[in-house]
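Welcome, and thanks for taking a look at this one. Here is a short briefing to read alongside the model.

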Amino acid sequence: QSRKAEVIRLGQEFELKINQEAMIEGEALAVVFESVVEDSRCPEGVDCIWSGNAKVKLRSSKQKQTPATIELNTDVESKISSYLNYEIRLIALKPRPKPDKAVQPDEYKATLIVTKK
């Protein structure tokens, strides 16, 4: 598995798998999808009273700045976090759990977007 960072533009949605890194073009900003901290989302095809929530842990860093750990949620606050003068937003986390099987860490993909404040 390659550790090569994906290069993306500010304001462009992008997907990361766990341990994958994105570099924001021209900004010297890196975002790494570290883990899924919790996934209590309603399984596919099941009727639930509450849609549930998934929480992801990211690490953002910029040259000569202290890296920061960020936790973002799919269905509860907060879905957006700030790092320096950037906003990092979790758009989606795929796949949803199945009724009979938990999602394996290597199956997760987080859709994110980074913008400048």
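A residue counts as buried when its relative accessible area is under 20%. In this predicted model, Arg41 has a relative accessible area of 6%, so Arg41 is buried. Let's start with that arginine, then turn to the core and the strands.

**Arg41 and its surroundings**
- Arg41 sits in the loop that links β4 and β5.
- A polar atom of the Arg41 side chain lies 2.5 Å from the backbone oxygen of Leu93, and the side chain also reaches the backbone oxygen of Pro95 at 2.8 Å.
- Leaving aside residues up to four places away in sequence, the contacts of Arg41 include Ser51, Gly52, Asp75, Arg96 and Tyr108.

**The nonpolar core**
- The largest nonpolar core holds 25 residues, and those touching the most other members are Phe33, Val56, Leu58, Ile88, Leu93, Leu112 and Val114.
- Two or more residues of this core come from each of β2 (14-17), β3 (21-24), β4 (29-39), β5 (54-62), β6 (68-73), β8 (86-94) and β9 (109-116).
- Beyond residues up to four places away in sequence, Phe33 touches several residues, among them Leu16, Ile18, Val56, Leu58, Leu93 and Ala110.

**Strand pairing around β3**
- Strand β1 (residues 6-8) runs parallel to β3, joined by three bridges; Val7 has Met23 in β3 as its bridge partner.
- On β4, the pairing with β3 is antiparallel, over four bridges, and Ile24 is partnered by Leu29 of β4.
- β3 and β4 make a hairpin with four residues between them, and Gly26 in the turn has a positive phi of about 75°.

Key: Residues numbered from 1 in each chain as written. Predicted model: local features only at pLDDT ≥ 70, side-chain atom pairs only at ≥ 80, totals over all residues. Heavy atoms only, no water. Core = buried A, V, L, I, M, F, W, Y, C linked by side-chain atoms within 4.5 Å. Buried < 20%, exposed > 50% of the residue type's maximum accessible area, 1.4 Å probe, protein only. Contact = heavy atoms within 4.5 Å. Polar contact = N/O pair within 3.5 Å; in protein donor to acceptor, adjacent residues only side chain to side chain. Pairing = 2+ DSSP bridges.
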